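The sequence and structure come first, and the notes follow.

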Amino acid sequence: MTLDANWFSEPHQDMAFSLRLKARLHEEQTPFQKIEIYDTVGFGKLMVIDGCVMLTDRDNFIYHEMMSHPVLFSHPDPKNVLIIGGGDCGTLREVLKHDGVQHATQVDIDERVTRLSEKYFPQLCDSNDDPRARLLFDDGIAHVKNAEPGSIDVIIIDSTDPVGPAEGLFSTAFYKDCLRALGRDGLLVQQSESPLLHTDSIIRPMHDSLRGAGFLDVMTLHFPQASYPSGWWTASIASKDATVCFHREEAAEELAFPTEYYNAAIHRAAGATPEFLRRKLFA
Ligand code: SAM
């Protein structure tokens, strides 16, 4: 079947994910990237940056929950959380579901992503007025470089793919700055793309760079994400000074807030490593 102009398509490595469109709602070129917003027939609203799907109404809950809850339940007492990127505010909303979090700072380079999310994805911005939330619009690389050493419990890197302004967020130099900014028991989590498509190009180099920067342990979690290339996605957790473990399993068993995807069993299952990946990452 050939797709006509009523479809959005994201071609990637000789395949494409497509969504049938109802309408184009917005398009703009910011100083950093091109942002498009569509209304689709089956997946609700869709945000695209530089031709890549960022999120849809229908499946963003999986990504945002898996970027937040596993790392927060793996830290013994996360109080101070830094989100790099994440301008749509979906990860911030999930982080603020944790009562123990006292400060959540989101640093996105592009304010327009947040302003458009407020307009087209208001449900993701529900917690932006929470007194614990701080929204900054700055380069995450510079922000982490200038952070007070030992001041952050958890860093969540919710960025675009490693091209353009996000390229440096996947570098050893950046991870060294993150390590310095993290306190005792500190954890970092970063979206690490598809195991089917990006093991050699992104996941393996990310593990090597994180360890090279001084992180003691790295663990990759798996989850489905229909609207991202291959439909299978990962987030990698790195630990400053211990093995990554499910520290607050009991609290996760008795979740004090509602989720759509995350629970303790999902957390445990997401950490299982498929054989091909085990050979590439740990052999
Ligand atoms: N869920 C998405 C994904 O994996 O495709 C990521 C969504 S979020 C919208 C990505 C954000 O990263 C964008 O808003 C972009 O502006 C931000 N970003 C890219 N490079 C950045 C940098 N160097 N510092 C801070 N934010 C950055």
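This is a predicted model: local features need pLDDT of at least 70, side-chain atom pairs count only at pLDDT 80 or more; totals for chains, interfaces and linings use all residues.

Residues are numbered from 1 along each chain as its sequence is written, and side-chain values use heavy atoms, with hydrogens and water left out.

Rings of Phe, Tyr and Trp (its six-membered ring) pair if their centres lie within 6.5 Å; planes under 30 degrees apart count as stacked, over 60 as edge-to-face and the rest as tilted. By this rule there are nine aromatic pairs. One of them joins Phe17 and Phe43, edge-to-face, with 6.2 Å centre to centre and 75° between the planes. Because Phe17 lies in strand β2 and Phe43 in the loop between β3 and β4, the pair ties together parts that are 26 residues apart in sequence. Helices (H or I, at least four residues) and strands (E, at least two) are DSSP runs, numbered from the N terminus.

## Tyr63 and Tyr228

The ring centres of Tyr63 and Tyr228 are 5.6 Å apart and the planes are at 75°, so this pair is edge-to-face. Tyr63 belongs to helix α1 (residues 60–74) and Tyr228 to the loop between β11 (217–224) and β12 (232–239), so the pair ties together parts 165 residues apart in sequence. Tyr63 is buried, with a relative accessible area of 4%, and Tyr228 counts as buried at 9% relative accessibility. Ring pairs also link Tyr63, Phe223, Tyr228 and Trp233 into a cluster.

## Around the ligand

Which residues are closest to the ligand? They are Gln33, Asp108, Gly140, Pro165 and Tyr228, out of 24 residues that surround the ligand (a residue is near a molecule if one of its heavy atoms lies within 4 Å of it).

A backbone N or O atom of Pro165 lies 2.9 Å from a ligand nitrogen, a polar side-chain atom of Asp139 lies 3.0 Å from a ligand nitrogen, and a backbone N or O atom of Met54 lies 3.5 Å from a ligand nitrogen. The ligand taken alone exposes 600 Å², of which the protein buries 99%; these accessible areas come from the Shrake-Rupley method with a 1.4 Å probe.

## Helix α3

Helix α3 (residues 111–120) has the buried residues Val113, Thr114, Leu116, Ser117 and Tyr120. They cover an arc of only 165° around the axis, which puts them on the same side of α3; the arc is that of the directions from the helix axis to the C-beta atoms. These buried residues pack against β2 (15–29), β3 (34–40), β4 (45–49), β7 (103–108) and β8 (133–137). At the N-terminal end, Asp110 caps α3, with a side-chain oxygen 3.1 Å from the backbone nitrogen of Arg112.

## Two buried strand residues

Thr56 lies in strand β5 (residues 52–56) and counts as buried at 0% relative accessibility. Not counting residues up to four places away in sequence, Thr56 touches Leu19, Phe43, Lys45, Leu46 and Ser227, where contact means heavy atoms within 4.5 Å.

Glu193 is found in strand β10 (residues 182–193) and is buried, with a relative accessible area of 2%. Beyond neighbours within four places in sequence, the contacts of Glu193 include Asp161, His198 and Trp233.

Note on methods:
Buried means under 20% relative accessible area, exposed over 50%, partly exposed in between (1.4 Å probe, protein chains only). A polar contact is a pair of N or O atoms within 3.5 Å; within protein, one must be able to donate a hydrogen and the other to accept it, and residues adjacent in sequence count only if both atoms are side-chain atoms.
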